[in-house]
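Trainee: I would like to learn how to read a protein structure step by step. Could we go through one together?

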Amino acid sequence: MLLAAAANWVRPVLDYHALAPEIVLAVVICGVLLADLFIPEHRKWVTSSLAGIGLLATMLPIITLAVNGADRTMFGGAYVVDNFSLILKALFVIAGYVVVLLSSTYLDEGGYYQGEYWVLLLSSILGMMMMASSRDLISIFVALEFLSIPAYMLAAWKKRDLKSNEAGLKYFLLGVFASAVMLYGMSLLYGLAGSTLLTDISAKVNDAGDTALIALAVVFIVVGFAFKVSAVPFHTWAPDVYEGAPTPVTAFLSVASKAAGFVALMELVLLGFPGAWRIWQPLFWVLAALTMTLGNLVALRQTNVVRMFAYSSVAQGGFILMPLALGHNAGTEVITSMVSYLAFYAATNLGAFGVILAVTRKTRRGDMAGFGGLFSYAPGLAVAMTIFLASLAGIPPTGGFFAKLGVFKAVLSAGGAWGAVLAAIGAVNSVIAFAYYGKLMREMWMNPAPDGDTLPIKVPQALTAALGITVLATLALGIIPNVVLRFGDLSRLVGAIKP
Amino acid sequence: MEHLTSNNTLLNVGIFLPLLGVLLMIFIPKKDEYFQKAVALATSVATLVVGIVIAFKFDYSKAGLQQLHVDTSWIPVIKARYIIGLDGLGLPLFLLSMVITVLVMVYSWNHIPDPGNPKAFLILMLVLEVGMNGVFVAQDLILFFVFFEIVLLPMYFMIGVWGGENRQYASLKFFLFTLFGSAFMLLGFLALFFKTGAESFSIEYLMAHAGAIDHNVQLWIFGAMALGLAVKVPMFPFHTWLPDAHTQAPTQGSVILAAILLKLGTFGFVRFAIPILPEAAKWWAPVIGILAVIGIIYGALGCLAQTDMKRLIAFSSVAHMGFVMLGISTLTNFGISAAMFGMVAHGLITGMLFFIAGSVKDRYHTLEINRLSGLLTQAPHMGWLLGLCAMASLGLPGLAGFWGEFPAILSAYKPADGLSVPLFRTLMVIAAIGTVLAAAYLLWLLQRVAFGEPTAEFADGYHGHAIGDMHMPEYLAWTPLIIGIIVLGVLPSLMFKVIDPSIVNIAKIVKDSVGG
């Protein structure tokens, strides 16, 4: 059988331009790995520069592809390079670059392994880039594992720290469990359609109508991804992992990994089984409402900054899920709003973690009171953090406002009472959210510095660069959102998937 | 609708010039406090000069039209456009916001509240001005919303950092209340957008197309928008943030809050809520009217119970904004004109009262009415000004307050067609009782604070420091307000003439709309 199939094997046509971003990054990974062998211990920081430059090099083919503009399809439709995948690849690469900037000083000063760290980080980013292009169950799954497995190890990077070990193990166990659940759902879909291509599956699901089998498959897949994007009630791992992992890794997990999860979800739901909307819409409705409400309410009670951001990240996930709750009727708006939200969220959250890194580097404490009086001795950091917090809370003129506006717009554009109720829940939640974002602002602006220690903070250059990039991106998304949102306008993609 | 688009960069400069000052100030070291103050003051004065030029370029014979109109693409994906324009409705408040900012800057020359740091304080004030100026000219709902929200954070920090004892609580309360209202207002905007064919957020477009929306949906949308605006006004029962915010805010913050920020709410009703959804406005008008009158009485009773001078003035704002809302709820030309006049008058008078309260606090380090007495003997000029403002605030004819309050009450005698006449006449009577109460609490305040002999505690001044009368920055900052109060009181037609054409348009829209 296998032999017979092998005889018929035809070498697929490879479009090297389309694959160039992935190829460049793969080469960079090998380069960093090799360089690490020959670089002496005291000059390990060179590897971080290599990783950063490598990521910038990866941007080049992404830009040429975007300028070229043609949609490219490979492997019988399993791997696609279109606007949607390019904007997301760019997002992952830039977010990765910022994470490199955030990590370099942290690793250097903490005395952690460096070369391996970059290799794993870049591998995870490569997995995310593959995810953006996957249109097939197998490639989606491979990409997902590719991006997750390095992340499990990164979470445990502080190897002498018990909490970090716990974080790594917890993340690994729950991640694998989620993958298994999801894989079971996927296998059901494959059994139904006899193909792993999302387009084939979509056609079969449309023909079959809402059978129990499809319902089962959809529920399994959605639940599996709910773990990945830490949607309530499958979020319990997130705060522990975020708190235990090294802070730059937390930034990476809460932004890039999470975004990749949402991308996979969009692909599967909107391309794989859009016809089963009667099943997945209510699921997402409940998930979104629960996720933002619970995430926010628990965040209110946090005193540790990173834990607060962990729950904030859970709550933000709820907002990102909102458009899917009315995904069938909302049309183009679903993808546009979700991609815009991911872009804003990446810029803002990475920036916020940058400030946390800069401040904790001095104060050596993780509670909110550690931020006390920040405005009096480090006004620049305090203002930057204020901008990020305002953006997360959705206050104009920051990116968060337009992201939230887009999500509300998507939900309301579908019309009907369900959309209006969900939007109202979202509106109330954005008010609750300010209560804890405002709490941190209050510490920074209105409370005295702990122990009266008002020595200025020295911010390492790499961190300054990261903060500069993220502040600019957050404000640009708020004041001239058109420049960025234009890329999120993906009507063509949606046009292609409408049943 | 016709627009006048000449000189259309002027308006942009008028809105965004303060940002230039912010940029300059960021690069001036924190220690050069005088340089900081000078740049901030110069920026606000330059902005006011632009405002005055705009006022001269403004064609008063066409005050009903959008002038200096700008309409450019902004965010096509969302279909929000950058549309600004000035008509007779926006002009007085646009100018008021510029004037108040200058006066507050002058006052700040030697009144930077604890814990100091004029750099941050003044930068926040300039950012605040951008939002305030923008709101009064925005002609696109998303743009309006952005400006509406820009004022939040600066005011939050102003109260929270430079405020009184209970500042953290007050600032958060202020922020959460406003955010809650505006979140629903935004949903209202979006619903409006989709129900009119998802074409535009432009107020003009929506005015033309919102009539086709299903009646019940209109009611919901108006309700959502009114919620956001009512919190800002603030109307009873959403007013609870106001006494706290006002009492805790530094003097400058209280003045700006009273003079400008409260108007964002009432202005929103007149600018877009009523013209876009006149039918729904008719349905909601009795509710608004009743809440307004409750606000009048409740605010007045609240005033009588206060022991803190600043808190008393804050509660009087609730009552005064009640008169404004009563005028608006009649949906008549007469009532809305009175409301617009009331907004400006309240801005001048209450702004002035907060200034005085701030200066009293500076001298006596307390605002407890029981401990104060004999201001007239210790600081006669300030005492007389307090008397004048109290008279203006209670609506004495010949001063600005009268022309906001009296016509508003009178307008309830004959509300727009379709509104219940008996109801509004009842409201009129109750509101009239409110003016009596206003006279009571203001005169009582004046009597306790200004008349009599200084209490034993302050007979020799505060801890040996003599209580000084007004000094230069106070004279400079207050004189324009006093002039405004008197001139508008004697010649109210100056303003009525400007706002009238726009309001005639609105009243016509209400009249033409079917039933309610």
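Trainee: In which helix of chain B does Met495(B) lie?

Mentor: Please keep in mind throughout that this is a predicted model. Met495(B) belongs to helix 20 of chain B, which covers residues 493-512.

Trainee: Is Met495(B) buried or exposed?

Mentor: The idea is to count the C-beta atoms around a residue, and a residue is called buried when 20 or more others lie within 10 Å of its own. Met495(B) has 21 C-beta neighbours inside 10 Å, and it therefore counts as buried.

Trainee: Which residues does Met495(B) touch, not counting those up to four places away in sequence?

Mentor: With those set aside, Met495(B) touches Pro92(B), Phe341(B), Val344(B) and Leu488(B).

Trainee: How many residues of helix 4 of chain B are buried?

Mentor: Helix 4 of chain B is mostly covered, with 18 of its 18 residues buried. From its first C-alpha to its last, this helix (residues 118-135) reaches 26 Å, close to the 26 Å expected at 1.5 Å a residue.

Trainee: How many residues does the largest nonpolar core have?

Mentor: As a general idea, nonpolar side chains tend to be buried together in soluble globular proteins. In this model the largest nonpolar core has 414 residues, and Ala155(A) and Ala273(B) are among those with the most contacts inside it. Leaving aside neighbours within four places in sequence, Ala155(A) is in contact with residues including Ala167(A), Tyr171(A) and Leu253(A).

Trainee: How many residues of chain B are in contact with chain A?

Mentor: To read such a contact, we look at each side in turn: 28 residues of chain B are in contact with 27 residues of chain A. On the side of chain B that touches chain A, helix 7 of chain B gives the most, with 13 residues. The residues of that side divide into 25 nonpolar, 2 polar and 1 charged.

Note on methods
Residues are numbered from 1 along each chain as its sequence is written. Chains are lettered from A and ligands numbered from 1 in the order in which they are written. This is a predicted model: local features need pLDDT of at least 70, side-chain atom pairs count only at pLDDT 80 or more; totals for chains, interfaces and linings use all residues. Helices (H or I, at least four residues) and strands (E, at least two) are DSSP runs, numbered from the N terminus. A residue is buried if 20 or more other C-beta atoms lie within 10 Å of its own, exposed if 12 or fewer, and partly exposed in between; C-beta atoms are placed from the backbone. Two residues are in contact if their C-beta atoms, placed from the backbone, lie within 7 Å. A nonpolar core is a set of buried Ala, Val, Leu, Ile, Met, Phe, Trp, Tyr and Cys residues joined through C-beta atoms within 7 Å. The expected span of a helix is 1.5 Å times one less than its number of residues. Ala, Val, Leu, Ile, Met, Phe, Trp, Tyr, Cys and Pro count as nonpolar, Asp, Glu, Lys and Arg as charged, and the others, Gly among them, as polar.
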